[in-house]
Structure formats: C-alpha cells, structure tokens
Amino acid sequence: MCIRDRVKLADDESGDVVVRLYESNGGRARGVLRAGFPLAGAQVTDLLERPLPDERAEVDDQGAVAVSLRPFQVLTLRLRRGTTGR
C-alpha cells in the first residue's frame, strides 16, 4: 500500500493548507497526518475544495489527523492553521 500526497495553499487565500492524499497501489491504507504547524481544524473537501458535510476529519489532542483510504481513493483535507498561544 502506498499513500502519495500533494500540499498547497487554499485557492481562497485564507492561509489554509490543502493536502491531497491518494492510495495508488489498489489496497487499503491508514496513516496519521501531522502538520508542521498548529492545527485549529481539518475539513474533508471535494477536489474543488468545497466542504463535504457528511465526511469527518478530527484533529486529536496532539494536533494530528487519522486518515484511512480505500483502494485508489483520493482524499482532500483542508487544514486550518491554529495559533501557538505565545
């Protein structure tokens, strides 16, 4: 199983980061996404970066998002930056 990814800034210039993950080997894959910045939230979106209200992406206490992909699935996550509190 292989998870590949692409990272970019959101098209709306909000400062959010869009991460596109895809499973490329035809198997199931699981992983944990950790950003190099504090996360205030994560939203599953479609390929045009529109929120998918029926899909969930939860940020845990460590600031990570658990991901699970089906064979050949493309998953797009929009990561909202948090503050460090400093």
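**Exercise 1. What pattern does the chain follow, read along the sequence?**

Before you start: this is a predicted model, where local features need pLDDT of at least 70 and side-chain atom pairs count only at pLDDT 80 or more, while totals for chains, interfaces and linings use all residues. Residues are numbered from 1 along each chain as its sequence is written, and side-chain values use heavy atoms, with hydrogens and water left out.

Solution. Start with the elements: there are 0 helices and 6 strands. Here helices (H or I, at least four residues) and strands (E, at least two) are DSSP runs, numbered from the N terminus. Reading along, you get β-β-β-β-β-β. Now the overall build: the radius of gyration is 13 Å, close to the 12 Å that the globule rule gives for 86 residues, so the chain is as compact as a globular protein of that length. (That radius is taken over C-alpha atoms, and the rule is 2.2 Å times the number of residues to the power 0.38.) Along the principal axes, the C-alpha atoms fill a box of roughly 45 × 25 × 25 Å.

**Exercise 2. Work out where Arg78 sits and what it touches.**

Solution. Step one, find the element: Arg78 belongs to strand β6, residues 74–81. Step two, check the cover: Arg78 has 15% relative accessibility. Buried means under 20% relative accessible area, exposed over 50%, partly exposed in between (1.4 Å probe, protein chains only), so Arg78 counts as buried.

Step three, list the neighbours. Contact means heavy atoms within 4.5 Å. Leaving aside residues up to four places away in sequence, Arg78 touches several residues, among them Asp12, Ser14, Asp16, Gly41, Thr45 and Glu49. Take Gly41: it lies 37 residues from Arg78 in sequence, yet the C-alpha atoms are 8.3 Å apart.

**Exercise 3. Is Thr45 buried or exposed?**

Solution. First place it: Thr45 is in strand β4, residues 39–45. Its relative accessible area is 5%, so Thr45 is buried. Last, zoom out: buried residues make up 36% of the 86 residues in the chain.
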